[in-house]
Amino acid sequence: MPPYRFAEWPAGSLLGRLAPPAREEMLDLGVEVGFEAGQVLLSEGAHDRHVLLLLSGFAKVTARVENGETSLLAVRVGGDTVGEMAAMDGAPRSATVTACGTITALVLQPAALRALLMRRPEIGIALTGIVADRLRWANRRRLDFRGYPVKVRLARLLVELATTYGHPVDGGAVLGCRLTQPELAALTGAAETTVHKGLRELRDEGLLETGYGSTVIRDLPRLRRIADLAAGE
């Protein structure tokens with residue numbers, strides 16, 4: 001039996017929200033595929049309709065802006081779906097999804113997914129909650145750009161990634177995907193040089209450690225205070 005059958009999914013992911021019977025039925029639905037680091041899973045503007053259910057690894061979601069540059073919109077991890085918007089509304093892909101490292105995923109065809117949602121409405125409710133959370137996340141980023149200095153915006157982003165996707169360690173969390181400084185700048189709406197300064201300050205204060213392929217948050221409660229976030233946020 002594949003090891004992902006026994007995985008502990010992040011609580012904020014789709015698979016992490018489902019009860020075991022619904023989760024098992026969803027895992028039975030697709031065909032397993034693999035992707036290597038840098039490989040494109042889905043392409044912005046494409047007209048294909050399948051959904052990918054990530055089982056392991058990290059992926060980055062990017063889109064082109066008006067000046068031709070590419071902007072990082074979000075990250076996705078094992079337990080998340082990507083591509084569900086095109087499957088539901090039939091419009092071209094709105095973003096490109098690229099593997100950060102080795103990824104295993106299931107390919108879900110639109111007709112099979114819709115049939116599953118009819119049989120298992122709790123999956124549809126969970127998926128709707130995921131879409132709502134992503135919209136709120138995007139709205140918070142816009143508000144943060146206008147309301148907080150860069151260091152606070154960085155702290156808010158790291159807390160959100162840690163609590164949604166991180167693996168707990170003593171007093172903090174490990175993020176399995178290390179975002180580059182240009183990518184953090186895109187997610188916080190800041191200049192790369194300013195992000196560099198903010199990261200250095202967080203490291204100097206003992207809140208953050210960065211290494212090859214990972215970021216470790218050492219004091220999550222204190223990082224929450226810097227981020228102006230209450231314990232439950």
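Helices (H or I, at least four residues) and strands (E, at least two) are DSSP runs, numbered from the N terminus. The model shown here is predicted, so local features need pLDDT of at least 70 and side-chain atom pairs count only at pLDDT 80 or more, while totals for chains, interfaces and linings use all residues. Residues are numbered from 1 along each chain as its sequence is written, and side-chain values use heavy atoms, with hydrogens and water left out.

**View 1. An open sheet of 4 strands, in the order 2-7-4-5.** The pairing in this sheet is antiparallel; two strands pair if DSSP finds at least two bridges between them. Its edges are strand 2 (40–42) and strand 5 (70–77), each of which pairs on one side only. On average, neighbouring strands are turned by 30 degrees against each other, direction ignored. The axes behind such angles are lines fitted to C-alpha atoms, for helices over the stretch in contact, and angles run from 0 to 180 degrees between N-to-C directions.

**View 2. Strand 4 and its two partners.** Which strand does strand 4 (residues 58–64) meet through 4 bridges? That is strand 7 (residues 96–99), which runs antiparallel to strand 4. Here you can find Ala-59 opposite Ala-99 and Lys-60 opposite Thr-98. With strand 5, strand 4 pairs over 7 bridges, again in the antiparallel sense, and Phe-58 stands opposite Val-77. These two strands, 4 and 5, form a hairpin with 5 residues between them, and Gly-68 in the turn has a positive phi of about 90 degrees. As you trace the side chains, recall that in a regular strand they alternate between the two faces of the sheet. Strand 4 is largely enclosed by the rest of the structure, because 6 of its 7 residues are buried; buried means under 20% relative accessible area, exposed over 50%, and partly exposed in between (1.4 Å probe, protein chains only).

**View 3. Helix 7 across the sheet strands.** Helix 7 (residues 181–188) lies across strand 4 and strand 5. Its direction is at about 95 degrees to strand 5.

**View 4. His-50 and its surroundings.** His-50 sits in the loop between strand 2 and strand 3 (51–56). Is this residue buried or exposed? His-50 counts as buried, because its relative accessibility is 18%. Leaving aside residues up to four places away in sequence, His-50 touches Leu-42, Gly-83, Arg-93, Val-107, Leu-108, Gln-109 and Pro-110, where contact means heavy atoms within 4.5 Å.

View 5. In helix 2 (residues 20–27), the residues Ala-22, Arg-23, Met-26 and Leu-27 are buried.

**View 6. Glu-25 and Arg-119 in a salt bridge.** Side chains of opposite charge can pair when their charged atoms come close. A salt bridge here is a side-chain nitrogen of Lys or Arg within 4 Å of a carboxyl oxygen of Asp or Glu, and the structure holds 14 of them. For Glu-25 and Arg-119, the closest N and O atoms are 2.9 Å apart. Glu-25 belongs to helix 2 and Arg-119 to helix 4 (residues 110–119), so the pair ties together parts that are 94 residues apart in sequence. Glu-25 is partly exposed at 23% relative accessibility, and Arg-119 is partly exposed at 47%. Both take part in a network of salt bridges that links Glu-25, Arg-119, Arg-120 and Glu-122.

**View 7. Two further salt bridges, Arg-64 with Glu-44 and Arg-134 with Glu-84.** The N to O distance is 3.8 Å for Arg-64 and Glu-44. Arg-64 is in strand 4 and Glu-44 in the loop between strand 2 and strand 3, 20 residues apart. Arg-64 is exposed, with a relative accessible area of 52%, whereas Glu-44 is partly exposed at 21%. For Arg-134 and Glu-84, the N to O distance is 2.5 Å. Arg-134 lies in helix 5 (residues 121–147) and Glu-84 in helix 3 (residues 84–89), so this pair joins parts 50 residues apart in sequence. Arg-134 and Glu-84 are both buried.

**View 8. Arg-114 in helix 4.** Arg-114 is partly exposed, at 43% relative accessibility. Between the C-alpha atoms of Arg-114 and Leu-52, which are 62 residues apart along the chain, the separation is 14 Å.
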